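The sequence and the structure come first.

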Amino acid sequence: MSAKFQCPYCGVGCGLLMGGGRVRGDKDHPANFGDVCKKPLYYPKVMNKGRLLKPMYREDKKEPFVEIDWGTAYEILRQKLTELEREGLYFYVSGQLMTEDIYVINKFVKGFLGINNIDANSRLCMATPVVAYKLAFGSDGPPCTYEDVDDADAFVFAGSNAAWTHPVLFKRVLKRKNEGAKVVVIDPIRTETASKADLHIQLRAGTDVALFNSVLYILYREGWIDKQFIEQYVEGFEDAIAECINYPPEVASKICDVEVRDIYKLAELYAFSKKLISFWCQDLNQSSQGTYANLALINLHLATGRLNDKGCPFSLTGQPNAMGGREMGYLSNGLPGYRDVRNEEDRTFVESFWGLEKGTIKAQPGPTITEAIDLMLYGKIKFLWVVCTNPAITLPNLNKVKKALEKVFLVVQDAYWNEACSFANLLLPTAQMGEKEGVMTGSDRTLTLCQKFSEPLGFAKPDWQIFKGLAHHLGFEKYFLYENSKNVFEELKELTKGRLCDISSYSYDVLPKRWGRGWLYWDLKFPTDNGRAKMHPTPYKHRPAKFILITDRTKNQWHTMTRTGKSEELLKGEEEPFMLRAKRMLWRLEFQRMMWLRLVLIKERCS
Ligand code: SF4
């Protein structure tokens, strides 16, 4: 069977073709025009390795699992959901689900269980850019598109090794570099991306906020800001400047351990380029100062009027459908169509759309996943249902997380056996990319229809069907009358009508297609309370540390390696975890520590 689908790995959202047992790039897809990196090429080889095939159950976690049928699984779930208090239930979902899956799960939890106890693994990577985008622009839709790369003459990569993590997009940037565009990389590590740059600012890890504040300081002092743009479209400029004057380049140079002249070069790039795109990723996001780091970078664009034809800030998403999840409001505060549970109008609209009584959806956001882990340890949350993600190795403070996973009644719904399964009571097998149909949204807002090219393995089902089945078992059948994923899409798209992410006129037949105009804020009217974009003061907080350990990604692996780690070809040369020295640390001490850590990492990997 041949089919078109979106790559199940990074957020570039490349279009792929499956035919004759081989994967290749889709020449007609606007995200990649046929280009593709190595990872998805081995997808057919790995997709069936280590799969969950049947529902399995054990009441006692010390006992082995026994196979059960779906009817028994639904009955076990019914009993748990009805015997426990609603606030004692929690759901943890994923940016790797399709939009239809996310929508049905969110509807079931927020609408029909009447709780907001749901969060997504986007909390780990995209929570800070989402907050920063919303604070700056009023929505978290990326302002530009990949097409903007093709006529930009300057690129900044901040905390992003895009050459490895978003390779197809990076190749598009390199094409521009070969035509004369400038590339600056801000990263404590000499990455492959940095090795291709015109300028690598190898700052001390965790000091990005100070660096960006200093660039704003120079832009302001040198009069390189766009006053007219600020007067017409921006507020908060004075407050942001009041903070940035604490970071003259001589001061920032010491904080960041970089040359003053490099800070100036960066400021000149923001001041004088024709069109500049700032890409960033997890080095900025996954930090206790992540929101400030995002805002400080966005400030540079607002101060220089660098939006639309002059450039844009562009956060790179790590998962294939984190964007679709955000459109469907899958975090603990969201509702479909970029709505929020805290907004009464939003709640009322969604309640009426779902046929629920007014007041059913709670106004209070649920706990985030990290807060929920604490509540599990306190015994307040007793039931956790994990869908398509692996909290047993991805959440911070794993010792604590594992204790929490041991304590709760744990449901793991996944295509593969992963580390979380060993803590589970109930395992639910799901269909994998290619075994189900649905939509995903890539980093630049392009929706792609993922077609089916094989039948689900064993007794696996698409995630939305599992929740539909349970909803029927609980007596909600008239609200979940979907025959196929297209029915789900036709329903969910109505909830976007008139919203920023309006896809109400789309159908499966017209995809791939991007929502919003090319430039999301083409008219420079922002969905904020007064229509203006907002700059924010971004104080830098020094965190003294002898060693700073930061994580990175290897070239051919993706996330927790559930699939890519099963390919010998992709593992070649990257079999073991390794550490790189960032800069200016005590080598000998670091070496000893490095060996120790290396052993620990290898041990973790083997056990
Ligand atoms: Fe997949 Fe990302 Fe590679 Fe494109 S760049 S093929 S989306 S992993």
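Strands E20 and E21 (residues 513-514) run antiparallel and are paired over two bridges; two strands count as paired if DSSP finds at least two bridges between them. Helices (H or I, at least four residues) and strands (E, at least two) are DSSP runs, numbered from the N terminus.

The model is predicted: local features need pLDDT of at least 70, side-chain atom pairs count only at pLDDT 80 or more, and totals for chains, interfaces and linings use all residues. Residues are numbered from 1 along each chain as its sequence is written, and side-chain values use heavy atoms, with hydrogens and water left out.

**Strand E20 and its hairpin**

E20 also pairs with strand E19 (residues 438-441), in the antiparallel sense and over four bridges. Leu447 in E20 is the bridge partner of Thr441. The two strands E19 and E20 make a hairpin with four residues between them, and Arg445 in the turn has a positive phi of about 80 degrees. Is E20 buried or exposed? Five of the five residues of E20 (residues 446-450) are buried, so the strand is largely enclosed by the rest of the structure. Buried means under 20% relative accessible area, exposed over 50%, and partly exposed in between (1.4 Å probe, protein chains only). Thr446, Thr448 and Cys450 point one way from E20, while Leu447 and Leu449 point the other way.

**The five-stranded sheet**

An open sheet is formed by five strands in the order E10-E9-E8-E12-E13, with parallel pairing. E10 (199-201) and E13 stand at the edges with a single partner strand each, so one side of each has no neighbour in the sheet. From one strand to the next, the twist averages 15 degrees. Helix H15 (residues 290-303) packs on this sheet and touches E8, E12 (276-280) and E13; contact means heavy atoms within 4.5 Å. The direction of H15 makes about 175 degrees with that of E12. Axes are lines fitted to C-alpha atoms, for helices over the stretch in contact, and angles run from 0 to 180 degrees between N-to-C directions.

E8 and E9 (residues 182-186) pair in the parallel sense over five bridges, and three bridges join E9 to E10, also parallel. Four of the five residues of E9 are buried, so E9 is largely enclosed by the rest of the structure. Some bridge partners in these strands are listed here.

| Residue | Bridge partner | Strand of the partner |
|---|---|---|
| Ala154 | Lys182 | E9 |
| Ala158 | Ile186 | E9 |
| Ile186 | Ile201 | E10 |

**Helix H3**

Helix H3 (residues 99-112) has 14 residues and reaches 19 Å from its first C-alpha to its last, close to the 20 Å expected at 1.5 Å a residue. The expected span is 1.5 Å times one less than the number of residues. 14 of the 14 residues of H3 are buried, so the helix is largely enclosed by the rest of the structure. Gly114, which follows H3, has a positive phi near 70 degrees.

**Cysteines**

How many disulfides does a search of the whole structure find? The search finds one, a disulfide being a pair of cysteine sulfur atoms within 2.5 Å. Cys144 is joined to Cys312, with an S to S distance of 2.1 Å. This pair links distant parts of the chain, 168 residues apart: Cys144 is in the loop between helix H5 (127-137) and strand E8 (154-158), and Cys312 is in strand E13 (residues 311-315). Cys144 counts as buried at 1% relative accessibility, and Cys312 counts as buried at 1%. Cys388 is in no disulfide; the nearest cysteine sulfur, that of Cys421, is 12 Å away.
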